[in-house]
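Please read these notes with the sequence and the 3D view side by side. Each point takes up one feature and can be checked by eye.

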Amino acid sequence: MRKAVFGMIGTGGIAQSQHLPNLSRARHATLKTVCDLREEVLKKVQAQYRIPEAVTDYRTMLADPEIDAVVVATREDMQAPLTVEALKAGKHVYVEKPLANTPEEVETVVAAQRQAGKHVSVGFNRRFAPAYVKAKELVHADGGPKNIHYRISDEYWRWGKNYPPNTRVIHEVCHIFDILRWFTDSDPQSIYCVGSRPDDEAYVLKFKNGCVATIMNSGYCTMDLPKERIEIVSNLGSVIVEEFVELRTYGYKNCDWIHRFPGHSHPDREFTHKFLLGLGGAEALYQLRRMGWEQRARFEKTDGEPEPDRAELQAYCSGRCPHWNYMVDKGWLAAVDHLAECILTGQAPRNACAADGLWSAKMSSAAISSRETGRVVEF
Ligand SMILES: NC(=O)c1ccc[n+]([C@@H]2O[C@H](COP(=O)([O-])OP(=O)(O)OC[C@H]3O[C@@H](n4cnc5c(N)ncnc54)[C@H](O)[C@@H]3O)[C@@H](O)[C@H]2O)c1
């Protein structure tokens with residue numbers, strides 16, 4: 001079977017945790033070339049995934065006529081310009097979120113995409129998470145969402161400490177803005193944001209189709225709290241999806257009460273890290289919690305110190321524990337494989353496109369403006 005030929009620019013964190021392993025097992029894609037400025041990283045990933053070519057200048061990759069599409073996973077300062085260049089070179093693009101820091105920069109991609117007539121799929125992979133696909137199906141069979149609550153929380157206080165203000169809303173909450181538009185099939189009408197401290201915020205959104213939503217965004221939780229939870233009220237029933245692994249339904253006829261999806265879970269309804277649980281039972285979870293608090297105490301004592309590494313946790317797990325954020329299926333593989341399939345078949349992809357990336361950037365920017373002015377921002 002023919003596969004779409006991909007190149008990849010940027011082989012750092014998300015590439016190594018998701019895009020490289022995923023493209024090596026995708027049904028519709030094959031990875032021909034990787035590109036990174038760091039030669040040692042390039043050599044490592046080329047050998048690990050048996051990739052035919054590795055280059056340090058992305059222009060070499062873009063000049064290769066065999067390559068149909070490129071994954072751009074550098075950082076938000078380069079993602080928009082690289083996407084524009086790739087489109088001009090006649091490539092389809094799968095580009096990581098956020099496309100850029102401002103809506104104005106994202107607009108350059110929207111314009112280039114329109115001109116090139118190629119696909120741009122933005123890495124809002126949650127649209128392909130199996131638990132969310134099922135939740136959307138159930139909710140829309142009952143009249144669609146009327147009221148949504150989303151919590152996204154993690155230990156950002158630690159890893160994001162030295163980032164510029166607003167990094168978290170632009171980088172992390174952008175995912176949630178996109179998934180709310182996807183769940184509602186609607187665009188936002190207004191947004192209001194209040195914060196108790198930097199990166200601890202609440203948002204109130206009204207959508208054009210009448211749905212309302214709230215988002216709790218906190219960067220101050222410890223790593224044993226499940227990162228994400230969504231609750232949706234539809235016409236008569238509701239669903240709750242906990243950390244992409246459990247979907248509970250309420251009030252729907254002829255519907256299972258509970259749907260489970262692979263990932264880390266705890267039998268006592270609190271979700272945590274299956275790997276650790278399997279490894280050491282409750283003791284392992286206790287250790288995880290203890291390490292989190294101790295690391296936090298150490299980190300708060302000093303300022304500007306480099307991030308503490310995971311050595312202690314890794315040692316405890318004998319180096320076998322992947323990052324817990326990637327132990328659930330948030331749709332990364334399905335998103336990129338779907339783009340590849342559409343390249344081969346000529347169908348229009350269901351991925352978030354450049355215009356969706358622009359909406360998300362506008363919502364981040366409006367949320368920041370609302371928090372700063374204390375006003376509701378209308379779109
Ligand atoms: N969708 C998700 O779930 C998810 C998760 C994590 C990160 N991300 C996004 O992915 C992007 C990358 O994040 P990361 O954590 O992997 O970053 P990273 O810093 O770990 O990796 C970026 C890599 O790009 C390389 N690079 C930068 N400029 C380059 C250039 N001009 N040519 C070639 N290589 C270049 C760097 O050397 C580095 O290896 C960010 O936008 C981030 O927000 C998405």
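Where is the place of Asp185? Asp185 sits in the loop between α8 and β8 (188–197). The model is a predicted one, and the points below should be read with that in mind.

1. Backbone at Asp185. Although Asp185 is not a glycine, its phi is positive, at about 55°. Its relative accessibility is 55%, so Asp185 counts as exposed.

2. Backbone at Asn166. Another residue other than glycine with a positive phi is Asn166, where the value is near 75°. Asn166 belongs to the loop between α7 (156–159) and α8 (167–184). Buried means under 20% relative accessible area; Asn166 has 18% and therefore counts as buried.

3. A cis peptide bond. Lys97 and Pro98 are joined by a cis peptide bond, with omega about -20°. Pro98 is located in the loop between β5 (92–95) and α5.

4. Negative patch. On the surface, a patch of negative charge is formed by Asp77, Glu104, Glu105 and Glu107. Helix α5 (residues 103–116) contributes the most to this patch, with three residues. Asp77 comes from helix α4 (residues 76–88). Exposed means over 50% relative accessible area, and Asp77, at 51%, therefore counts as exposed.

5. A buried serine. Ser218 is part of strand β10 (residues 212–218). The relative accessibility of Ser218 is 6%, so Ser218 counts as buried. Its side chain makes a polar contact of 2.8 Å with the side chain of Asp200.

6. The salt bridges number 24 in the count. In one of them, the side chains of Lys330 and Glu228 meet at 3.7 Å, N to O. Lys330 is in the loop between α10 (311–316) and α11 (332–345), while Glu228 is in strand β11 (residues 228–233), and the two are 102 residues apart. Lys330 counts as buried because its relative accessibility is 2%; Glu228 counts as buried because its value is 0%. Both residues also belong to a network of salt bridges that links Arg126, Asp154, Arg168, Glu172, Lys227, Glu228 and Lys330.

7. Arg248 and its partners. Which residue forms a salt bridge with Arg248 with the closest N and O atoms 2.7 Å apart? That residue is Glu246. Arg248 also meets Glu242 in a salt bridge, at 3.5 Å, N to O. Arg248 is buried because its relative accessibility is 9%. Glu242 is buried because its value is 6%, and Glu246 is buried because its value is 4%.

How values were computed
Residues are numbered from 1 along each chain as its sequence is written. This is a predicted model: local features need pLDDT of at least 70, side-chain atom pairs count only at pLDDT 80 or more; totals for chains, interfaces and linings use all residues. Side-chain values use heavy atoms; hydrogens and water are left out. Patches are made of residues with over 30% relative accessible area and no salt bridge: like charges are joined within 9 Å, nonpolar side chains (Val, Leu, Ile, Met, Phe, Trp, Tyr) within 5 Å. Accessible areas come from the Shrake-Rupley method with a 1.4 Å probe; for residues, only the protein chains shown count as cover. A salt bridge is a side-chain nitrogen of Lys or Arg within 4 Å of a carboxyl oxygen of Asp or Glu. Lys and Arg count as positive and Asp and Glu as negative; His and the chain ends are not counted. The place of a charge is taken as NZ of Lys, CZ of Arg, CG of Asp or CD of Glu. Helices (H or I, at least four residues) and strands (E, at least two) are DSSP runs, numbered from the N terminus. Buried means under 20% relative accessible area, exposed over 50%, partly exposed in between (1.4 Å probe, protein chains only). A polar contact is a pair of N or O atoms within 3.5 Å; within protein, one must be able to donate a hydrogen and the other to accept it, and residues adjacent in sequence count only if both atoms are side-chain atoms.
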